[in-house]
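Please look at the chain below before reading on.

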Amino acid sequence: MATLWRGYLRLLAKYPLATMCSTTGTLMAAGDGISQLCIERCPVKNYDIPRSGRFFVLGFFALGPMLRFWYLALDKMYSGTKMAALKMVVTDQTVGAPVVLFTFVTGMGVLRGESRDEIMKKVHRDYFTILINNYKIWPAAQAINFFFMPLQHRVLFVNFVALGWNTFLAWITEGKEKAEQN
């Protein structure tokens, strides 16, 4: 385990954006896998690989870069100020979370090949449920993140918390809909 951690730290130091994007994509796909296999109880033979692929693609190409640059911006705005971590949490939850969640819902629709109307219908159906549930988990997680994690480990910390969150997102946006159709 120590060797794996040292390897991760070397990659993070040498290729920070690619490492954070890879981690985000991988853990988003893993959250979808957990949703499919454990929550939705999908038989392995019916596992939806393209669905998990969409989670990976969105995490790697959109959310991973967004998180990296968002945390850099927050650090630049507030580092060294009084109550910096608290300001980061408030800004993250009032500005960052709504944008990231909207990007998630619309991005998944785009990757599924849905029309603009279909995507907006899902935004109206799922966005506020997701946002409300976000506020049950993420303020505390981000408080830990901003108070205790060094900048270079914030995306990784969030990704591990997000493993459970991504499982929930997969179920809300993919699994629940599939169950309702059956």
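Predicted model: local features only at pLDDT ≥ 70, side-chain atom pairs only at ≥ 80, totals over all residues.

Residues are numbered from 1 along each chain as its sequence is written, and side-chain values use heavy atoms, with hydrogens and water left out.

Q: How many salt bridges does the count come to?
A: Side chains of opposite charge can pair when their charged atoms come close. A salt bridge here is a side-chain nitrogen of Lys or Arg within 4 Å of a carboxyl oxygen of Asp or Glu. By this rule the count comes to eight.

Q: Which parts does the salt bridge between D75 and R154 tie together?
A: The side chains of D75 and R154 meet with N to O at 3.5 Å. Helices are DSSP runs (H or I, at least four residues; strands are E, at least two), numbered from the N terminus. The two residues are 79 residues apart in sequence, so the pair ties together helix α3 (residues 49-78), which holds D75, and helix α6 (residues 154-181), which holds R154.

Q: Is R154 buried or exposed?
A: Buried means under 20% relative accessible area, exposed over 50%, and partly exposed in between (1.4 Å probe, protein chains only). R154 has 5% relative accessibility, so R154 counts as buried.

Q: Where does R112, the salt-bridge partner of E174, lie?
A: The closest N and O atoms of E174 and R112 are 2.4 Å apart. E174 lies in helix α6, and the pair ties together parts that are 62 residues apart in sequence, because R112 lies in the loop between α4 (84-111) and α5 (116-148).

Q: What is the relative accessible area of R112?
A: E174 counts as buried at 9% relative accessibility. R112 is partly exposed, with a relative accessible area of 22%.

Q: Which residues are linked in a network of salt bridges?
A: K122 and E114 form a salt bridge at 2.3 Å, N to O, and both are buried. The network links these two with others, and its members are R54, R112, E114, K122 and E174.

Q: Which residues does P139 touch, not counting residues up to four places away in sequence?
A: P139 is found in helix α5 and counts as partly exposed at 26% relative accessibility. Contact means heavy atoms within 4.5 Å. With that sequence limit, P139 touches V89, Q93 and N134.
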